[in-house]
Amino acid sequence: MLRIAVPNKGSLSQAAQTMLTEAGYLQRRDSRELVLADEANDVEFFYLRPRDIAVYVGSGTLDVGITGRDLLMDSPGGAEETLPLDFARSTFRFAGPRGAFASVEDLAGQRIATSYQKLVTDHLTARGIEAEVVRLDGAIESSIRLGVADAIADVVETGNTMRAAGLEPFGDPVMRSEAVLIRRPGTPDTDALQVLSRRLRGVLVARQYVLMDYDVAEEHLQAATAQTPGLEAPTVSPLQREGWYAVRAMVPKNMTNRIMDGLYEVGARAILVSPIAAARL
(Lines give C-alpha, C1' and ligand atoms only; values in the text may rest on other atoms or scores of the structure.)
Protein backbone atom coordinates (compact mmCIF):
# COMPACT_ATOMS: atom_id res chain seq x y z
CA MET A 1 0.00 0.00 0.00
CA LEU A 2 1.06 3.57 -0.68
CA ARG A 3 1.48 5.32 2.68
CA ILE A 4 0.31 8.96 2.63
CA ALA A 5 0.74 11.55 5.39
CA VAL A 6 -2.14 14.00 5.82
CA PRO A 7 -2.27 17.02 8.17
CA ASN A 8 -4.36 16.21 11.23
CA LYS A 9 -5.14 19.81 12.24
CA GLY A 10 -4.67 23.46 11.34
CA SER A 11 -5.42 25.34 8.13
CA LEU A 12 -4.05 22.51 5.97
CA SER A 13 -6.13 19.70 7.43
CA GLN A 14 -9.69 20.14 6.17
CA ALA A 15 -8.63 21.46 2.76
CA ALA A 16 -6.28 18.51 2.24
CA GLN A 17 -8.96 15.98 3.17
CA THR A 18 -11.49 17.71 0.91
CA MET A 19 -9.08 17.51 -2.01
CA LEU A 20 -8.40 13.82 -1.38
CA THR A 21 -12.14 13.16 -1.21
CA GLU A 22 -12.63 14.94 -4.55
CA ALA A 23 -9.83 12.73 -5.90
CA GLY A 24 -11.87 9.63 -5.01
CA TYR A 25 -10.20 8.53 -1.77
CA LEU A 26 -11.77 7.62 1.55
CA GLN A 27 -11.16 10.06 4.39
CA ARG A 28 -11.72 9.82 8.12
CA ARG A 29 -14.99 10.90 9.71
CA ASP A 30 -13.64 11.09 13.24
CA SER A 31 -10.83 13.55 14.03
CA ARG A 32 -9.49 11.07 16.59
CA GLU A 33 -8.80 8.51 13.86
CA LEU A 34 -5.05 8.39 13.21
CA VAL A 35 -4.83 5.77 10.45
CA LEU A 36 -7.23 4.91 7.63
CA ALA A 37 -6.77 2.16 5.07
CA ASP A 38 -8.40 2.66 1.65
CA GLU A 39 -7.94 -0.83 0.29
CA ALA A 40 -9.92 -0.18 -2.90
CA ASN A 41 -7.32 2.39 -3.92
CA ASP A 42 -4.32 0.58 -2.42
CA VAL A 43 -3.41 3.46 -0.09
CA GLU A 44 -3.16 4.04 3.65
CA PHE A 45 -3.52 7.48 5.25
CA PHE A 46 -1.68 8.61 8.39
CA TYR A 47 -2.95 11.78 10.09
CA LEU A 48 0.00 13.66 11.56
CA ARG A 49 1.04 17.11 12.75
CA PRO A 50 1.75 19.21 9.64
CA ARG A 51 5.24 20.06 10.94
CA ASP A 52 6.13 16.36 11.30
CA ILE A 53 5.03 15.24 7.85
CA ALA A 54 8.21 16.31 6.00
CA VAL A 55 10.26 14.46 8.62
CA TYR A 56 8.38 11.17 8.17
CA VAL A 57 8.46 11.43 4.38
CA GLY A 58 12.08 12.58 4.30
CA SER A 59 13.18 9.62 6.42
CA GLY A 60 11.33 7.16 4.19
CA THR A 61 8.93 6.09 6.95
CA LEU A 62 6.04 7.25 4.75
CA ASP A 63 5.99 7.44 0.97
CA VAL A 64 4.35 10.81 0.27
CA GLY A 65 2.57 13.55 2.17
CA ILE A 66 0.74 16.85 2.03
CA THR A 67 2.20 19.77 3.97
CA GLY A 68 3.08 23.44 3.58
CA ARG A 69 6.05 24.54 1.50
CA ASP A 70 7.27 26.59 4.47
CA LEU A 71 7.19 23.52 6.73
CA LEU A 72 9.04 21.50 4.09
CA MET A 73 11.78 24.14 3.87
CA ASP A 74 12.05 24.19 7.68
CA SER A 75 12.46 20.40 7.94
CA PRO A 76 15.82 18.61 8.31
CA GLY A 77 15.72 17.56 4.64
CA GLY A 78 15.24 14.38 2.67
CA ALA A 79 11.88 15.24 1.11
CA GLU A 80 11.14 17.27 -2.00
CA GLU A 81 8.14 19.07 -3.45
CA THR A 82 6.50 17.29 -6.38
CA LEU A 83 3.20 19.13 -6.91
CA PRO A 84 1.82 22.49 -5.69
CA LEU A 85 -1.81 22.03 -4.59
CA ASP A 86 -3.13 25.60 -4.82
CA PHE A 87 -4.58 26.02 -1.34
CA ALA A 88 -3.43 27.37 2.05
CA ARG A 89 -1.49 30.17 0.37
CA SER A 90 0.54 32.46 2.62
CA THR A 91 3.66 34.64 2.65
CA PHE A 92 6.59 34.26 5.02
CA ARG A 93 8.05 37.62 6.02
CA PHE A 94 10.15 39.51 8.51
CA ALA A 95 8.37 42.08 10.68
CA GLY A 96 9.33 44.54 13.38
CA PRO A 97 8.11 47.62 15.25
CA ARG A 98 6.82 50.32 12.91
CA GLY A 99 9.72 52.25 11.44
CA ALA A 100 12.42 50.16 13.12
CA PHE A 101 13.64 48.26 10.03
CA ALA A 102 13.81 49.18 6.34
CA SER A 103 15.48 46.10 4.85
CA VAL A 104 16.61 42.59 5.73
CA GLU A 105 20.19 43.86 6.02
CA ASP A 106 19.10 45.87 9.07
CA LEU A 107 18.71 42.55 10.92
CA ALA A 108 22.49 42.13 11.28
CA GLY A 109 23.31 41.64 14.95
CA GLN A 110 19.62 41.55 15.94
CA ARG A 111 17.53 38.86 17.62
CA ILE A 112 14.81 37.29 15.45
CA ALA A 113 12.02 35.20 16.96
CA THR A 114 10.41 32.53 14.79
CA SER A 115 8.89 29.06 14.77
CA TYR A 116 10.87 28.32 11.59
CA GLN A 117 14.45 28.34 12.81
CA LYS A 118 16.04 26.41 9.93
CA LEU A 119 14.18 28.31 7.22
CA VAL A 120 15.16 31.70 8.68
CA THR A 121 18.75 30.69 9.41
CA ASP A 122 19.23 29.36 5.88
CA HIS A 123 17.77 32.55 4.40
CA LEU A 124 20.00 34.83 6.48
CA THR A 125 23.08 32.74 5.76
CA ALA A 126 22.39 32.93 2.02
CA ARG A 127 22.22 36.74 2.36
CA GLY A 128 25.42 36.89 4.43
CA ILE A 129 23.59 38.31 7.46
CA GLU A 130 24.67 37.31 10.96
CA ALA A 131 21.85 37.44 13.50
CA GLU A 132 20.58 35.45 16.47
CA VAL A 133 17.58 33.28 15.60
CA VAL A 134 15.40 32.58 18.65
CA ARG A 135 13.10 29.59 18.24
CA LEU A 136 9.62 29.89 19.75
CA ASP A 137 6.63 27.59 19.34
CA GLY A 138 3.92 30.24 19.58
CA ALA A 139 2.96 33.83 20.38
CA ILE A 140 5.69 35.08 18.06
CA GLU A 141 4.13 38.55 17.80
CA SER A 142 4.47 39.08 21.59
CA SER A 143 8.19 38.26 21.69
CA ILE A 144 9.33 41.83 20.90
CA ARG A 145 7.19 43.44 23.60
CA LEU A 146 8.40 40.81 26.07
CA GLY A 147 12.03 41.64 25.25
CA VAL A 148 12.87 38.24 23.78
CA ALA A 149 13.54 39.52 20.24
CA ASP A 150 14.04 42.65 18.15
CA ALA A 151 12.17 41.35 15.10
CA ILE A 152 10.13 38.31 14.08
CA ALA A 153 9.80 36.05 11.05
CA ASP A 154 6.44 34.40 10.54
CA VAL A 155 3.69 33.37 8.15
CA VAL A 156 1.53 36.28 7.05
CA GLU A 157 -1.97 35.63 5.70
CA THR A 158 -3.92 38.85 6.31
CA GLY A 159 -1.41 40.73 8.49
CA ASN A 160 -4.10 41.60 11.04
CA THR A 161 -2.35 39.85 13.93
CA MET A 162 0.91 41.68 13.23
CA ARG A 163 -0.74 45.06 12.96
CA ALA A 164 -2.62 44.47 16.21
CA ALA A 165 0.75 43.88 17.89
CA GLY A 166 2.14 47.14 16.48
CA LEU A 167 4.34 45.40 13.90
CA GLU A 168 4.84 45.89 10.17
CA PRO A 169 6.47 43.65 7.54
CA PHE A 170 9.66 44.87 5.87
CA GLY A 171 11.93 43.74 3.07
CA ASP A 172 11.09 41.23 0.37
CA PRO A 173 9.13 38.10 1.35
CA VAL A 174 11.32 35.24 2.51
CA MET A 175 9.07 32.86 0.53
CA ARG A 176 5.54 32.30 -0.70
CA SER A 177 4.00 29.13 0.63
CA GLU A 178 1.08 26.87 -0.21
CA ALA A 179 0.13 23.26 0.34
CA VAL A 180 2.33 20.86 -1.63
CA LEU A 181 2.61 17.14 -2.27
CA ILE A 182 6.03 15.89 -1.16
CA ARG A 183 7.98 12.68 -1.57
CA ARG A 184 11.42 11.31 -0.81
CA PRO A 185 13.73 11.25 -3.87
CA GLY A 186 14.05 7.70 -5.09
CA THR A 187 10.63 6.60 -3.83
CA PRO A 188 9.45 3.81 -6.17
CA ASP A 189 7.11 5.18 -8.80
CA THR A 190 4.37 2.64 -8.10
CA ASP A 191 1.00 2.46 -9.84
CA ALA A 192 -0.69 3.83 -6.70
CA LEU A 193 1.67 6.83 -6.62
CA GLN A 194 1.08 7.58 -10.31
CA VAL A 195 -2.68 7.36 -9.77
CA LEU A 196 -2.49 9.72 -6.78
CA SER A 197 -0.57 12.30 -8.78
CA ARG A 198 -2.95 12.08 -11.75
CA ARG A 199 -6.00 12.37 -9.53
CA LEU A 200 -4.70 15.41 -7.67
CA ARG A 201 -3.81 17.09 -10.96
CA GLY A 202 -7.31 16.27 -12.13
CA VAL A 203 -8.82 17.96 -9.09
CA LEU A 204 -6.71 21.06 -9.77
CA VAL A 205 -7.98 21.19 -13.36
CA ALA A 206 -11.58 20.60 -12.27
CA ARG A 207 -11.33 23.50 -9.83
CA GLN A 208 -9.87 25.86 -12.40
CA TYR A 209 -12.18 25.15 -15.34
CA VAL A 210 -15.87 24.79 -16.17
CA LEU A 211 -17.70 23.34 -19.17
CA MET A 212 -19.44 25.88 -21.37
CA ASP A 213 -22.16 24.90 -23.85
CA TYR A 214 -23.89 27.20 -26.30
CA ASP A 215 -25.71 27.30 -29.63
CA VAL A 216 -24.56 29.54 -32.45
CA ALA A 217 -25.42 30.17 -36.09
CA GLU A 218 -22.92 29.09 -38.73
CA GLU A 219 -22.03 32.66 -39.70
CA HIS A 220 -20.98 33.40 -36.12
CA LEU A 221 -19.31 30.05 -35.41
CA GLN A 222 -15.73 31.16 -36.05
CA ALA A 223 -16.04 34.29 -33.92
CA ALA A 224 -17.59 32.30 -31.08
CA THR A 225 -15.11 29.42 -31.04
CA ALA A 226 -12.24 31.92 -31.10
CA GLN A 227 -13.39 32.88 -27.60
CA THR A 228 -13.69 29.27 -26.45
CA PRO A 229 -10.72 27.39 -27.95
CA GLY A 230 -10.81 24.74 -25.19
CA LEU A 231 -7.69 22.88 -24.14
CA GLU A 232 -7.19 21.34 -27.58
CA ALA A 233 -10.26 22.31 -29.61
CA PRO A 234 -13.96 22.84 -28.89
CA THR A 235 -16.52 20.13 -29.67
CA VAL A 236 -18.80 21.36 -32.48
CA SER A 237 -21.95 19.42 -33.43
CA PRO A 238 -24.69 20.34 -35.94
CA LEU A 239 -28.14 21.00 -34.51
CA GLN A 240 -31.42 19.84 -35.99
CA ARG A 241 -32.05 23.48 -36.84
CA GLU A 242 -30.32 24.03 -40.16
CA GLY A 243 -27.32 26.34 -40.08
CA TRP A 244 -26.90 26.16 -36.29
CA TYR A 245 -24.30 24.36 -34.17
CA ALA A 246 -23.90 23.25 -30.56
CA VAL A 247 -20.47 24.00 -29.09
CA ARG A 248 -18.86 22.66 -25.91
CA ALA A 249 -15.49 23.71 -24.48
CA MET A 250 -13.58 23.96 -21.22
CA VAL A 251 -12.99 27.56 -20.14
CA PRO A 252 -11.19 29.09 -17.12
CA LYS A 253 -13.64 29.42 -14.23
CA ASN A 254 -12.47 32.93 -13.34
CA MET A 255 -13.31 34.16 -16.86
CA THR A 256 -16.76 32.56 -17.12
CA ASN A 257 -18.96 35.65 -17.15
CA ARG A 258 -16.63 37.64 -19.37
CA ILE A 259 -16.66 34.85 -21.96
CA MET A 260 -20.44 34.51 -21.72
CA ASP A 261 -20.80 38.25 -22.39
CA GLY A 262 -18.53 37.98 -25.41
CA LEU A 263 -20.38 34.98 -26.82
CA TYR A 264 -23.73 36.70 -26.49
CA GLU A 265 -22.41 39.74 -28.32
CA VAL A 266 -21.35 37.64 -31.34
CA GLY A 267 -24.71 35.86 -31.52
CA ALA A 268 -24.39 32.75 -29.35
CA ARG A 269 -27.50 31.75 -27.41
CA ALA A 270 -28.53 29.15 -24.80
CA ILE A 271 -25.18 29.63 -23.07
CA LEU A 272 -24.86 27.20 -20.17
CA VAL A 273 -22.08 26.58 -17.65
CA SER A 274 -21.51 23.29 -15.79
CA PRO A 275 -18.99 22.47 -13.04
CA ILE A 276 -16.39 19.78 -13.65
CA ALA A 277 -16.29 17.15 -10.92
CA ALA A 278 -13.10 15.44 -12.09
CA ALA A 279 -10.69 15.55 -15.01
CA ARG A 280 -7.82 13.67 -16.64
CA LEU A 281 -5.77 15.49 -19.25
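**Exercise 1. Salt bridges in the whole structure**

Determine how many salt bridges a search of the whole structure finds.

Solution. The structure examined is a predicted model. A search across all of it returns 14 salt bridges. One of these joins the side chains of Glu-178 and Arg-89, at 3.7 Å from N to O. This pair links distant parts of the chain, 89 residues apart. Glu-178 sits in the loop between strand 10 (167-177) and strand 11 (179-183), and Arg-89 in the loop between strand 5 (80-84) and strand 6 (90-97).

**Exercise 2. Surroundings of the Glu-178 and Arg-89 pair**

Classify Glu-178 as buried or exposed, do likewise for Arg-89, and state which residues are linked with them in a network of salt bridges.

Solution. Step 1: Glu-178 has a relative accessible area of 8%, so this residue is buried, the cut-off being under 20%. Step 2: Arg-89 reaches 53% relative accessibility and therefore counts as exposed, the limit being over 50%. Step 3: the network of salt bridges links Glu-178 and Arg-89 with Arg-69, Glu-81 and Asp-86.

**Exercise 3. A pair within a helix**

Locate Asp-122 and Lys-118 and give the distance between their closest N and O atoms.

Solution. Step 1: both residues belong to helix 4 (residues 117-126), where they are four residues apart, about one turn of the helix. Step 2: Asp-122 and Lys-118 form a salt bridge, with the closest N and O atoms 2.9 Å apart. Step 3: Asp-122 is partly exposed at 41% relative accessibility, and Lys-118 is partly exposed at 33%.

Notes. Residues numbered from 1 in each chain as written. Predicted model: local features only at pLDDT ≥ 70, side-chain atom pairs only at ≥ 80, totals over all residues. Heavy atoms only, no water. Salt bridge = Lys/Arg side-chain N within 4 Å of Asp/Glu carboxyl O. Helix = DSSP H or I, 4+ residues; strand = E, 2+ residues; numbered from the N terminus. Buried < 20%, exposed > 50% of the residue type's maximum accessible area, 1.4 Å probe, protein only.
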